[in-house]
Amino acid sequence: MIIIETMLLINEERIGIVKDRVKIVSSVRESDKGKEEMNMGNWSITLTTAKKAKPAADQLGFGKYFTDHMLLMDYTADQGWHDPRIVPYGPISLDPSAMVFHYGQEVFEGMKAYRTPQGELVLFRPDMNLRRLNHSCERLGIPQVDPEEVLEGICRLLALEEEWMPEGEGNSLYIRPFIIATEAGLGVRAAEEYRLIVILSPVGAYYREGIHPVRIYVEDRYVRAVRGGTGEAKTSGNYAAGIKAQEDVKSLGFSQVLWLDGIEKKYIEEVGSMNVFFKIGGEVVTPELNGSILAGVTRDSVIHLLREWGVPVKERRISIEELFEAHKEGKLEEAFGTGTAAVISPIGSMTWEGHDMEIAGGQTGALSAKLYETLTGIQRGEREDSFGWRYSVR
Ligand code: COI
């Protein structure tokens, strides 16, 4: 009991956001020997007693290391979403017939937490991620979550794992919420049981040497998604559909593929797993959200910033021929991908049907650089947040 009280004090200090809501401290269960458990409101938190060593800040990479705890919540048809809990990070046990393995009912999100120069823990537009999570759930026939409850859980987990926030320029704590169909059975239908899991990974800047332009291959055989399909949902199948194309072009020295639409293979959709923008003759264009394109949070933020800066920006259909013509006429000034992981990823060249198009002299364009500096500055609390995008974890 003394140990538990001591642990509670540690947590009262760490889990500042829930300090006043600690209700019960339960005793350690026989099955949980070596762990401490407590209930906070309807949340229970079981602490690990085997903390992992933290990786060096310059060795992080992306998604290689995971923190000591994770968040779980279950869904059953009769109870709805229930039993929100934070437990030690570790393997989960699922029936081999769990429906996610067979029919792919899965959705996920990606967000980052940052520490500001004032020491505050902040998120970037988490409301958008949670709205999109529910949108993805809707498309995949998965019951939607209460966004406020999930955000509260993410904040609790972050507060508990704060010491995992990596030091170092460009580093952050990546947050991966996902939902899987856990019901056992091979019938093809919506599952009646699901689990929501949130894991945290200390990550480095996507490009350690800072942003640098990448070589892109315009994909002519495979498509990522079609309108009416799942392209605008964040679901694993969309990423699985892109892996072979990506691997094929990697071996030819390209970083990623530029995806064309699935019907005419004519209009630009995304680049790799990012949204894509082009600066043509002083105007910025990005493919309009047409049902097969993911509504990126970074995409939306870039559009807002450009409008604030008075840079003309349009969401519309863009054909690969138009880009090729613009390039021939010397009007294709910049191209870049946008996403949570890389933020802004400049495109240095695109290869389409044997033609190489060099963009911005193969360098990072001025607008791409300004967007990167501004967005990362806002995210890290180093710049004024005139849109109110930062969200304080406590
Ligand atoms: C992102 O750019 O954030 C992505 O969606 C890629 C992620 C799946 C690693």
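Colleague: How do the residues lining the second largest pocket divide into nonpolar, polar and charged?
Modeller: The model is predicted: local features need pLDDT of at least 70 and side-chain atom pairs 80 or more, while totals for chains, interfaces and linings use all residues. Residues are numbered from 1 along each chain as its sequence is written, and side-chain values use heavy atoms, without hydrogens or water. Ala, Val, Leu, Ile, Met, Phe, Trp, Tyr, Cys and Pro count as nonpolar, Asp, Glu, Lys and Arg as charged, and the others, Gly among them, as polar. On that scheme the lining splits into six nonpolar, eight polar and six charged.

Colleague: Which residues lie closest to the centre of the second largest pocket?
Modeller: A pocket is an open set of points on a 1 Å grid over the protein atoms alone, with protein on both sides within 12 Å along at least five of seven lines; lining residues have an atom within 4 Å of a point. The second largest pocket holds about 330 Å³. It has 20 lining residues, and the closest to its centre are Glu-169, Gly-170, Asn-171, Ala-205 and Tyr-372.

Colleague: Which helix gives the largest share of the lining of the largest pocket?
Modeller: This pocket has a volume of about 860 Å³, the space filled by probe spheres set on the points. Its lining has 43 residues, with Tyr-206, Lys-234, Tyr-239, Ser-273 and Ala-341 nearest the centre. By class they are 19 nonpolar, 18 polar and six charged. Five residues come from residues 236–250, helix α5.

Colleague: Which element contributes most to the lining of the largest cavity?
Modeller: A cavity is a set of points where a 1.4 Å probe fits but cannot get out. The structure has two of 30 Å³ or more, and the largest has a volume of about 90 Å³. Lys-112, Ala-205, Tyr-206, Val-343 and Tyr-372 are the closest to its centre among 15 lining residues, and β7 (111–115) and α8 (366–379) each give two or more. The largest share, three residues, comes from α8.

Colleague: Which strand gives the most to the lining of the second largest cavity?
Modeller: Helices (H or I, at least four residues) and strands (E, at least two) are DSSP runs, numbered from the N terminus. The second largest cavity has a volume of about 70 Å³, and its lining includes Met-111, Lys-112, Phe-124 and Gln-379. Both β7 and α6 (297–309) supply at least two residues. With three residues, the top contributor is β7.

Colleague: Are α6 and α8 roughly parallel or roughly perpendicular to each other?
Modeller: Their axes come within 11 Å and cross at roughly 110°. Axes are lines fitted to C-alpha atoms over the stretch in contact, with angles from 0 to 180 degrees between N-to-C directions. Angles under 35 degrees count as roughly parallel, over 145 as roughly antiparallel, 65 to 115 as roughly perpendicular and the rest as oblique. The two helices are therefore roughly perpendicular.

Colleague: What classes of residue make the contact of α6 with α8?
Modeller: Contact means heavy atoms within 4.5 Å. On the α6 side are Thr-298, Ser-301, Val-302, Leu-305, Leu-306 and Trp-309; they meet Leu-367, Lys-370, Leu-371, Thr-374, Leu-375 and Ile-378 of α8. By class that is eight nonpolar, three polar and one charged.

Colleague: How does α3 lie relative to α4, oblique or perpendicular?
Modeller: Helix α3 (residues 126–140) packs on helix α4 (residues 147–160) with axes 10 Å apart, at an angle of about 125°. That angle makes the arrangement oblique.

Colleague: What residue classes make up the contact of α3 with α4?
Modeller: Pro-126, Leu-130 and Asn-134 of α3 touch Pro-147, Val-150 and Leu-151 of α4. The contact comes to five nonpolar, one polar and no charged residues.
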